[in-house]
Number of protein chains: 2
Amino acid sequence: MTPSALESNGVSITTKKNVIEVSGKNEKTSVALEGVESHDLVLKTFRLLVADLCQQFNGGHPGGAIGMAAIGVALWKYTMRYAPLQPAWFNRDRFVLSNGHTCLFQYCFLHLTGYRSMTFTQLKSYHSERVDALCPGHPEIEHEGIEVTTGPLGQGVANSVGLAMASKHLAATFNRPGFNVVSNHTWCMVGDACLQEGVALEAISLAGHYRLNNLTIIYDNNQITCDGSVDLTNTENINDKMRACGWNVIDILDGCYDITGLVTAMAAAKHADRPTFINVRTVIGLDSQVAGTADAHGAAFGRDDVAQMKTSYGFDPAQSFVVSPAVRAFFADLPARGDALVQDWQSLVDAYSAEYPELAARFRARMAGEIDLVWTPLVPAKADFPSKPTATRASTGLVFNKIAQAVDTFMVGTADLSPSVYMTWPGKQDFNRPDLMPTKGDPGNYTGRYIHYGIREHAMCAVANGLAAFAPNTIVPVTSSFFMFYLYAAPAVRMGALQHLQVIHVATHDSIGMGEDGPTHQPIELANLYRAMPNLLYIRPADSEETAGAWVAAIQAKKQPVIISTSRHAVPQLAETRRDGVLRGAYVLQEDAEAVLTLIGVGAELSHVVEVAARLRNDHGIATRVVSFPCQRLFEAQPLEYRRQVLQRHRVRAIIAYEPYAPNGWERYANAAASVKRFGHSLPSKAAYKYFGFDATSLLEKTLDYLNRLDADELLAREFVDL
Amino acid sequence: MTPSALESNGVSITTKKNVIEVSGKNEKTSVALEGVESHDLVLKTFRLLVADLCQQFNGGHPGGAIGMAAIGVALWKYTMRYAPLQPAWFNRDRFVLSNGHTCLFQYCFLHLTGYRSMTFTQLKSYHSERVDALCPGHPEIEHEGIEVTTGPLGQGVANSVGLAMASKHLAATFNRPGFNVVSNHTWCMVGDACLQEGVALEAISLAGHYRLNNLTIIYDNNQITCDGSVDLTNTENINDKMRACGWNVIDILDGCYDITGLVTAMAAAKHADRPTFINVRTVIGLDSQVAGTADAHGAAFGRDDVAQMKTSYGFDPAQSFVVSPAVRAFFADLPARGDALVQDWQSLVDAYSAEYPELAARFRARMAGEIDLVWTPLVPAKADFPSKPTATRASTGLVFNKIAQAVDTFMVGTADLSPSVYMTWPGKQDFNRPDLMPTKGDPGNYTGRYIHYGIREHAMCAVANGLAAFAPNTIVPVTSSFFMFYLYAAPAVRMGALQHLQVIHVATHDSIGMGEDGPTHQPIELANLYRAMPNLLYIRPADSEETAGAWVAAIQAKKQPVIISTSRHAVPQLAETRRDGVLRGAYVLQEDAEAVLTLIGVGAELSHVVEVAARLRNDHGIATRVVSFPCQRLFEAQPLEYRRQVLQRHRVRAIIAYEPYAPNGWERYANAAASVKRFGHSLPSKAAYKYFGFDATSLLEKTLDYLNRLDADELLAREFVDL
């Protein structure tokens with residue numbers, strides 16, 4: 001390693017025999033290491049365990065986990081503060097395996113360090129047909145000891161940045177002199193791949209800017225990816241790049257063995273003034289016959305190879321899954337050590353509660369994920385909204401800004417669209433590093449709850465997942481951008497949905513009405529993705545009242561992300577809209593006696609549909625119903641009886657949906673739709689509606705034409721028709 | 001600027017009076033500059049033109065374009081090799097405006113330099129309601145002088161890398177000593193935002209690795225974004241970061257005025273041994289009252305402010321859109337200069353044709369976008385495929401590898417999944433820099449047509465767009481990865497569809513059958529995005545024969561991207577599959593007389609549906625039809641008559657679709673569907689099908705249950721039912 005990088009931060013390191021002492025600004029760390037022989041046995045046992053686990057069902061990813069063995073010992077035995085028997089301990093260090101395919105690395109250490117659920121039987125379920133296995137192909141947040149679900153590469157890096165920000169923020173908010181009730185560190189393991197992914201690069205830049213010195217990335221630098229060697233496609237100087245991004249860099253050249261160096265580096269990282277990048281040279285699939293090659297990555301080594309590993313290690317090649325008592329003993333102290341850490345922390349929190357009873361009560365409520373109910377009376381009543389036409393993006397500010405101001409749980413951020421998304425509030429404090437005095441903007445403070453994510457939509461949402469994953473509902477992140485740019489962020493939005501994280505995404509400038517920015521910004525097909533994405537609510541409110549409903553749904557959705565999708569342009573406030581209707585996904589807005597048509601309107605275009613209905617009724621004598629349909633998934637959750645009552649599919653002649661998006665999915669509810677099946681066009685909002693035939697006059701014509709066509713071709717009644 | 005960065009490359013620069021001479025390895029460049037007063041007038045005229053264009057309809061983005069004025073003069077007047085009257089000249093320099101919202105920058109220079117279509121009237125259509133305007137809010141590829149459609153930030157950077165790679169590849173393939181028939185340079189303009197976006201960071205790393213010295217990024221460094229100043233969210237050392245990524249860096253400190261410095265830097269960039277990053281300090285909205293602030297970014301300055309600009313410049317505040325004869329004269333030589341460049345090049349190509357007739361014939365065919373028809377007989381016949389069950393990812397290799405080998409048009413790449421996607425061929429040559437000898441892999445060569453994109457899915461697809469945009473169908477890029485990771489790449493796939501670019505995306509590991517990797521890799525909802533995305537074909541073939549059909553469709557689709565979506569696991573070869581059926585999107589696979597049900601099967605699960613039909617027929621006496629449905633959009637393009645004939649919606653009792661994806665959209669074709677509305681689960685392929693009720697036995701049960709439910713509840717017949 002390179003101590004010089006540390007000494008410049010006033011950190012001194014001494015190693016005497018097996019004791020490493022690091023002293024720096026924050027604290028003094030002393031670690032006593034076990035002997036070399038003991039380490040040797042543990043490392044060999046671990047590597048064989050991984051090889052056996054892949055061999056049993058002839059599949060999986062052995063190489064990375066094996067190469068990282070010494071890193072794991074340095075982390076779980078000597079560095080991380082955690083409690084195997086109390087895995088949800090609030091102040092635990094967070095470990096994120098961004099290279100999630102090496103999951104056996106984590107599963108084996110969870111088992112060895114004594115996590116209750118990870119029994120030896122469970123560990124052996126890897127790649128089995130067991131449907132309740134705790135060892136899926138990538139780590140999943142639902143299981144003990146797993147902080148976030150990783151898999152798609154790079155996400156974990158950004159999640160880690162969010163976890164470290166959460167910790168910084170909670171510490172700045174709740175810690176008091178002598179009472180560091182939040183003081184954990186985040187450790188993120190990455191491979192060569194994560195460092196090539198854009199989402200990670202965005203997050204790395206952000207973390208350096210924020211000076212997150214409670215974050216350490218450990219780089220399993222084996223220079224091997226599926227295609228061969230990394231230098232086929234990447235020859236950058238990663239250390240220089242990380243330094244340029246504001247990170248400390250420490251090199252470990254002998255990473256398969258040098259536990260002393262690794263522990264020293266990790267201890268030093270905890271004293272740094274910025275995030276630390278530990279660049280660890282390892283050998284993928286060490287000691288197998290495919291060591292150092294791509295063949296070690298994603299396939300079992302084969303029976304013979306595993307046998308030769310065992311023989312060369314002095315193990316019996318006929319035996320599998322051997323964990324000797326000496327190895328068990330090596331890890332045996334960890335559950336008790338963990339319990340002691342928790343006990344110490346609980347005593348600290350008790351003393352803190354005595355000294356700061358009010359603050360401590362808030363802290364406990366936040367830890368429990370209780371969102372302060374002060375928000376409910378802050379939601380404006382329908383009568384409180386302006387009566388003039390109002391953009392629903394503005395409505396979202398009218399509904400939420402006061403709540404954001406009042407309820408500390410919300411950390412609100414934007415991918416550089418503050419002037420457009422209406423998410424700021426008077427007196428908001430930016431989350432930023434305390435030494436920062438930006439050229440234009442507020443001085444930084446980690447207590448701040450407004451986050452300038454930069455033009456990094458993907459990292460914004462992946463970082464938000466990390467904020468949310470710190471503890472359930474302790475922080476509820478709110479992100480914001482134009483709806484179209486949630487396509488950049490989609491992989492992270494998906495991971496939030498998969499992990500049941502409450503994250504609220506404020507997506508403005510939806511529909512073709514966003515205008516002049518043109519087809520690159522008009523989200524014709526994006527709603528189709530989010531309406532199909534499991535466990536996510538995509539809500540398009542039609543006016544201020546429905547926007548209130550959307551926010552109520554979002555704040556109450558404690559186990560799922562929500563996208564609130566709003567208009568750039570002003571839309572009328574409609575007399576019949578109802579927030580409770582939004583909570584049911586769709587509801588009857590207008591009901592004529594003996595109606596022959598049900599018209600479905602959505603979001604910014606609901607008012608156009610109301611106008612079509614009025615003209616059908618008044619000018620053509622056609623009795624018509626109008627249904628407002630802000631959220632398909634909420635509607636699907638309603639009882640069949642309610643759904644039938646809303647749609648009246650069996651009574652009316654036809655149901656017609658109107659939305660300037662791709663129609664896919666409306667066929668479930670309607671017999672015909674006016675939709676947009678091509679990309680958009682750069683025009684002022686009103687002109688765009690006209691160009692695409694989405695002004696009320698054009699929609700009326702399409703509707704009448706459809707009715708005529710129904711008369712002319714009886715087969716059409718059983719088909720879905722594009723208007 | 002910092003000449004030292006250049007001298008290390010053996011480049012010498014001298015400036016005598018108004019003449020800049022740069023000599024380096026490749027060539028000697030000499031540029032004679034106009035006088036300072038002339039530049040001053042042009043810059044002022046340009047800035048006022050931009051201000052007026054935003055003022056007329058009180059909207060748009062003036063600030064960036066104004067700050068970049070001097071950069072534009074350096075580019076269009078002194079540096080770029082292009083022909084305004086022959087905008088499609090093959091060997092022109094490519095200019096990409098990655099910060100596309102500053103489109104007036106490009107539109108004004110297109111007008112001033114004499115592009116025919118960009119008349120003064122057209123220029124003034126910016127933000128108007130004119131539906132055939134050439135001045136949309138972001139540049140669009142359809143218009144003269146625009147190389148790619150930009151808008152979503154960061155895409156343009158990656159497109160530029162693709163354009164530069166295309167040029168390197170074509171040069172390496174076709175140039176001969178003394179005949180540099182391909183020798184153009186790519187210039188990419190970026191703002192602060194582009195350099196924060198992950199897709200750009202991925203592409204920058206790749207370009208540095210490839211040593212693309214025919215690529216220059218010009219950074220409009222005004223340190224202002226929508227939220228205020230860049231240092232709110234980004235304090236990295238960008239120059240060091242770029243150097244770490246393998247780029248030359250040149251600083252221009254006085255970028256609003258220093259045309260000499262800019263021209264020198266650009267000339268030097270053409271002599272560099274690697275890509276160059278010109279970091280130009282500018283002032284956003286220079287000389288307006290909001291200069292240097294975020295207010296200058298996205299709104300007109302206001303009447304008074306524009307007037308004060310004019311007054312301070314010595315212009316008449318009462319007049320708008322003033323372009324004096326002197327300014328016209330400044331740019332007047334450019335059309336003729338351009339024509340002379342084209343003439344010289346045509347003479348060169350003529351001489352080349354005489355010297356290398358065969359090569360020149362190939363070159364001309366490639367320039368014309370003719371894909372060598374040698375591919376058609378290479379597509380295997382149905383009988384040529386193995387009869388054993390075969391993964392459709394393997395089928396895709398069986399169909400395409402020989403074509404890739406034989407037809408130079410295809411540049412095939414992967415985001416580091418070569419062993420999984422079956423896209424290599426014997427003797428394939430990697431595209432890589434010639435001095436590279438990777439640790440594992442082939443030595444580099446720019447003639448290579450196999451691209452290791454690294455673990456950079458988003459950049460892969462955005463770079464592929466650049467390869468395709470070099471000239472229509474001159475290069476047809478093929479990308480490959482797991483289907484799920486095409487969510488990372490979705491913004492770029494979208495931009496390819498929007499630009500009508502032929503790019504073929506090979507997406508393997510679709511469906512839940514991809515198995516152990518689990519829910520992070522199982523693409524439950526992703527097909528919904530791509531089926532809704534305009535101008536894109538998403539094709540899921542069911543076996544080798546249908547895979548052949550998918551490839552035929554993809555190669556013939558000269559104006560749209562195609563995703564060929566294939567299975568990881570082996571699927572049976574079905575007797576009745578037909579490639580011509582794939583070309584129609586859906587077709588009748590099995591037809592019983594007097595059938596009462598139509599079953600829709602797709603891709604990897606078609607064989608399950610065939611089994612369900614067999615059991616319905618044989619065990620339950622229910623006459624059944626089976627439709628194979630690989631591509632919804634191709635089917636939608638068929639005549640109504642064909643569609644009715646395939647589905648028989650009016651004759652059968654019900655149509656049932658079976659696909660382990662979110663159902664949204666199948667409602668158009670079916671009355672009921674077996675689908676998956678939750679995230680996946682990590683299990684071996686077969687176990688996953690069973691777990692989700694997608695084995696034939698479960699599907700049969702669901703089908704029979706549905707028929708019973710139809711009997712019990714007559715309303716169900718008019719509703720879509722989830723099985």
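Chain B can be laid on chain A by a turn of 180° and a shift of 0.0 Å along the axis, with an RMSD of 0.0 Å (least-squares superposition on C-alpha atoms of residues with pLDDT of at least 70 in both). The two copies are thus related as by a two-fold rotation axis. This is a predicted model, in which local features need pLDDT of at least 70 and side-chain atom pairs count only at pLDDT 80 or more, while totals for chains, interfaces and linings use all residues. Residues are numbered from 1 along each chain as its sequence is written, chains are lettered from A in the order in which they are written, and side-chain values use heavy atoms, with hydrogens and water left out.

**Axis and interface**
- Gly198(B) comes closest to the rotation axis of the residues of chain B, at 1.8 Å (C-alpha).
- In contact (heavy atoms within 4.5 Å) are 122 residues of chain B and 122 residues of chain A.
- The copies meet through the same surface, because 100% of the interface residues of chain B are also interface residues in chain A.
- Between them, chain B and chain A bury about 9,800 Å², 55% of it on carbon and sulfur atoms (accessible area, 1.4 Å probe, lost on being put together, summed over both).

**Salt bridges**
- Twelve salt bridges are counted between chain B and chain A (a side-chain nitrogen of Lys or Arg within 4 Å of a carboxyl oxygen of Asp or Glu).
- One of them joins Glu636(A) to Lys677(B), with the closest N and O atoms 3.9 Å apart.
- Helix α8 (residues 198-210) of chain B gives the largest share of the side that touches chain A, seven residues (helices are DSSP runs of H or I, at least four residues, numbered from the N terminus).

How values were computed. Buried area = accessible area lost by both parts, 1.4 Å probe. Helix = DSSP H or I, 4+ residues; strand = E, 2+ residues; numbered from the N terminus.
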